[in-house]
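Please keep the sequence and the model at hand while reading.

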2 protein chains.
Amino acid sequence: MHGKIMAAPPAPAHPYYPLGVEIPHYVANTAPVPVLMISLGGMLGGVLLAACVLARRWNPNLTRAQLAVLCWFVLCGSLHCFFEGYFVFNHTTVASSQNLFAQLWKEYALSDSRYLTSDPFMLSVESITVFIWGPLCLLCAVTTAAKSSPLRHPLRIVACMAHLYGVALYYSTSLVETYFTGRAHSRPEPLYFWGYYVGFNFPWVVVPAFLLYDSVTTITTAIRSLDGVKAGLEGFQMRNGAARQADKKAQ
Amino acid sequence: MHGKIMAAPPAPAHPYYPLGVEIPHYVANTAPVPVLMISLGGMLGGVLLAACVLARRWNPNLTRAQLAVLCWFVLCGSLHCFFEGYFVFNHTTVASSQNLFAQLWKEYALSDSRYLTSDPFMLSVESITVFIWGPLCLLCAVTTAAKSSPLRHPLRIVACMAHLYGVALYYSTSLVETYFTGRAHSRPEPLYFWGYYVGFNFPWVVVPAFLLYDSVTTITTAIRSLDGVKAGLEGFQMRNGAARQADKKAQ
């Protein structure tokens with residue numbers, strides 16, 4: 001009898017960190033991880049293929065580099081509007097649901113339990129991502145596919161800045177909390193911390209940094225060329241004016 | 001004796017919300033609010049005046065609108081690097097300090113106690129603001145004062161996006177937490193919530209939105225003009241080529 005009173009505390013009802021975090025109504029996933037990954041990959045692959053076919057029909061002159069940028073923004077727009085949109089609208093029931101998106105979020109949350117605890121920062125950043133950055137990325141895809149669009153590069157800078165600042169805050173909020181309080185939201189296994197948490201988000205550091213640099217360079221080159229053209233025209237007008245005055249004097 | 005045992009819980013040792021939030025070593029401000037405000041205002045006014053004088057010496061053709069934009073970015077850069085820099089380096093001791101910046105932060109924290117609790121989101125967003133957006137704003141001020149700078153508008157888009165996304169998350173994280181958990185970080189008096197929390201941050205919604213729109217419009221106009229010049233040149237070359245071929249045939 002006494003031995004039973006001293007029994008160890010019950011094992012946690014879920015695999016998430018920090019130990020003791022409350023995740024009500026959690027139900028373990030039923031689908032294996034490869035099935036979840038292949039399902040998401042297949043859906044995204046289909047969307048990207050369709051986007052490429054449509055874009056090539058609309059503008060047959062699209063280069064491979066332009067198609068790659070288009071695919072990036074279609075990928076971002078799809079993930080933001082649909083996958084992250086599912087989270088924003090269902091964050092209180094993800095832990096207890098078994099549809100594809102819920103199971104994907106439960107697997108990913110092994111690296112960041114904030115997705116299962118209605119964390120205020122995650123809800124804020126994801127809501128802005130779903131309602132503003134998602135549509136903006138799709139608009140970036142459209143202006144990339146268009147034959148000519150002066151909005152292409154300014155919009156890209158805005159979208160890339162949203163991704164860079166968003167991912168910087170996503171990484172830093174969790175790391176700062178771990179540093180100051182010792183609470184980590186990721187399971188300690190390298191697969192979850194390095195693979196899921198760092199790895200899955202790292203493309204949103206590298207690609208936006210590259211595209212941002214490219215767009216800033218393109219715009220500065222364009223403005224410099226235009227300044228050159230204007231200076232040339234002004235010089236031409238001045239020379240022309242001087243020549244006319246000389247003609248008048250000669251008359 | 002029994003009456004003493006049933007005494008009410010001790011009054012909170014500080015005026016911050018949510019009630020019961022822990023703010024160790026808090027010491028009440030010694031300076032009155034108008035003195036704090038006038039001191040900060042005076043320092044910022046001096047910096048802006050010096051910036052205007054220097055900028056006009058460097059580039060006497062600066063218009064009033066350009067000087068206003070310059071002042072905005074110098075104001076942002078100064079607040080980010082120094083005032084917010086003080087918070088990032090001293091967030092654990094602000095509550096117990098009595099220098100000007102600490103007293104200003106303690107007054108402002110009546111509208112947002114996260115500045116006195118080493119909140120991970122505040123530390124993340126403020127660190128990025130101090131080390132990246134602060135210097136970027138000063139660079140925006142320099143490119144605004146320069147006679148010609150093709151980097152001016154791309155950099156402005158980056159800085160304005162940083163401000164807009166930052167303030168959106170600053171507002172939303174706190175409001176989402178209040179909505180889902182009932183915990184408010186602001187005292188309930190309108191002066192603190194509407195005056196300090198909403199009011200003092202609102203310029204970082206309005207001005208960046210205006211400057212972002214202006215820079216995107218300027219860039220799209222420039223790219224459209226350049227496209228026009230290129231199309232004109234191509235047309236000229238084609239006509240020229242056709243005329244030469246006609247000449248050759250005629251010969």
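In chain B, the loop between α1 (2–5) and α2 (33–58) holds B:P18, and the peptide bond that leads from B:Y17 into B:P18 is cis, with omega near -5 degrees. Helices here are DSSP runs of H or I with at least four residues, strands are runs of E with at least two, and both are numbered from the N terminus. This is a predicted model, in which local features need pLDDT of at least 70 and side-chain atom pairs count only at pLDDT 80 or more, while totals for chains, interfaces and linings use all residues. Residues are numbered from 1 along each chain as its sequence is written, chains are lettered from A and ligands numbered from 1 in the order in which they are written, and side-chain values use heavy atoms, with hydrogens and water left out.

In chain A, A:P18 is placed in the loop between α1 (2–5) and α2 (33–58), and the bond from A:Y17 to A:P18 is cis, with omega near -5 degrees.

A further backbone feature concerns phi. Most residues other than glycine have a negative phi, and most peptide bonds are trans.

| Residue | Phi | Loop |
|---|---|---|
| A:S118 | about 50 degrees | between α4 (100–108) and α5 (120–145) of chain A |

B:S118 counts as buried at 19%.

Turning to the interface, 37 residues of chain B are in contact (heavy atoms within 4.5 Å) with 37 residues of chain A. The area buried between the chains, meaning the accessible area (1.4 Å probe) that both lose on being put together, summed over both, is about 3,300 Å², and carbon and sulfur atoms give 85% of it. In chain B, the residues that lose the most area to chain A are B:P150, B:M161 and B:Y165, together 20% of what that side buries.

On the side of chain B that touches chain A, α5 (120–145), α6 (152–181) and α8 (203–250) each supply at least two residues, and α6(B) gives the most, with 14 residues.

Key: Buried area is the accessible area (1.4 Å probe) that two parts lose on being put together, summed over both. Buried means under 20% relative accessible area, exposed over 50%, partly exposed in between (1.4 Å probe, protein chains only).
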